Amino acid sequence: MGVNSGSAPAPLERVPGYVFRPYHGHEDHGAMAAVRLGCAERDRIDARSVVEGLPTAAEIAEASARLDDPSENQLLVEYDGDVVGYSTIRWWQERDGTWLYLHRGHLLPGHRGQGVGSAMLDWAENRVRRLMQQHGTARRAVLGANAMASERDATALLLETGYRRVFSLVELELADLGRLADGEPLPAGIRVGAVEPSSYRAAWKTVIDSYADAAFTKRWTFQSFLATAAPTCWRAAWEGEHMAGVALCSIRRQDPAVGEVEELSVRAESRRRGLGRALLLDGLRCLREHGAETARLYTGTANPHRSYDLYESVGFRRQNEYVRYRKPITV
């Protein structure tokens with residue numbers, strides 16, 4: 001077994017036959033995509049998922065480019081010269097000031113149960129401890145890890161090593177946009193229409209305000225909002241000059257036949273009046289007009305506004321569940 005990274009911790013030496021090395025850049029993207037594809041059947045991966053599907057080599061390249069120091073924060077695992085797994089670390093600050101250090105590992109099924117996954121987890125946790133010390137975030141930092149409910153191996157490993165479920169996301173699909181429910185009359189004084197550039201900040205603020213009391217949410221700046229804006233199917237509801245709610249819908253770049261409802265937010269004072277349903281249906285009709293055949297969205301299982309009832313009334317049905325785990329960081 002060889003270790004090619006100066007940041008690799010000693011526990012990796014306990015897995016004979018495997019080489020643990022840093023990410024090398026462009027030459028690794030195809031192999032990383034192959035690992036994800038090789039995990040799909042065992043882990044019941046939904047290729048069309050808008051939460052976590054099957055990324056292409058190009059998409060993995062884009063994600064790697066967004067990492068801070070990707071050669072230090074991605075670990076690849078080789079066996080007999082082939083890449084059989086990899087781990088990635090990223091971090092951000094949440095709205096309550098918590099620093100979340102998230103690691104995510106993928107390992108081909110034939111190499112599980114031999115200590116490789118545990119070694120990858122050890123590497124990630126040790127790397128996070130060093131990052132935390134470098135960043136000075138010790139007092140407000142936690143370890144995070146994700147696993148789909150269908151990823152039985154990853155779930156078992158996380159629970160065995162002290163991670164605890166803190167919340168989950170559920171993904172829903174509307175299988176046929178050609179069979180949308182009929183719209184209903186809007187409340188008096190309400191109009192629904194496109195979001196023009198002059199209203200982008202108001203749309204962003206509407207979404208931000210809707211998460212004001214939500215736990216485990218990432219800080220989202222207006223600049224970040226603009227950087228990913230795809231406003232063709234954005235819809236907003238106004239009451240006079242006041243924006244009462246938004247539906248931010250987009251066509252999936254990876255698959256133009258799939259539309260996504262990225263956000264559906266109605267201000268607290270305007271809820272229970274049918275605005276959410278009107279916005280959602282208007283956004284879905286726009287997606288259909290732009291070529292989408294199906295639509296996806298996800299929401300938290302602890303959502304206090306009973307959004308499931310709304311989505312299911314329109315025709316959405318539940319798909320996979322995506323569980324978020326956390327663990328205190330010990331120095």
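1. A salt bridge is taken here as a side-chain nitrogen of Lys or Arg within 4 Å of a carboxyl oxygen of Asp or Glu. The model is predicted, so local features need pLDDT of at least 70 and side-chain atom pairs count only at pLDDT 80 or more, while totals for chains, interfaces and linings use all residues. Residues are numbered from 1 along each chain as its sequence is written, and side-chain values use heavy atoms, with hydrogens and water left out.

2. The structure holds 24 salt bridges. One of them joins Arg104 to Glu52, at 2.9 Å from N to O. The partners lie 52 residues apart in the chain, Arg104 in strand 4 and Glu52 in the loop between helix 1 and helix 2 (57-65); helices (H or I, at least four residues) and strands (E, at least two) are DSSP runs numbered from the N terminus. Arg104 is buried at 10% relative accessibility, and Glu52 is buried at 15% (buried is under 20% relative accessible area, exposed over 50%, partly exposed in between, with a 1.4 Å probe and protein chains only).

3. On a 1 Å grid over the protein atoms alone, a cavity is a set of points where a 1.4 Å probe fits but cannot get out, a pocket is an open set with protein on both sides within 12 Å along at least five of seven lines, and lining residues have an atom within 4 Å of a point. Helix 1 gives the largest share of its lining, 3 residues. The lining divides into 4 nonpolar, 2 polar and 5 charged residues.

4. The second largest pocket has a volume of about 490 Å³. Its lining has 26 residues, with Gly105, Gly117, Asp153, Ala154 and Leu157 nearest the centre.

5. Asp282 in helix 8 (residues 275-289) and Arg235 in strand 8 (residues 233-239) are 47 residues apart. Their salt bridge has its closest N and O atoms 2.7 Å apart, and both residues are buried. Asp282 also forms a salt bridge with Arg285, at 3.7 Å. Arg285 is partly exposed, at 27% relative accessible area.

6. A search of the whole structure finds 0 disulfides (cysteine sulfur atoms within 2.5 Å). Cys39 is buried at 4% relative accessible area, as is Cys233 at 2%.

Note on methods:
Ala, Val, Leu, Ile, Met, Phe, Trp, Tyr, Cys and Pro count as nonpolar, Asp, Glu, Lys and Arg as charged, and the others, Gly among them, as polar. Grid points are joined across faces, edges and corners, and a volume is the space filled by probe spheres set on the points.
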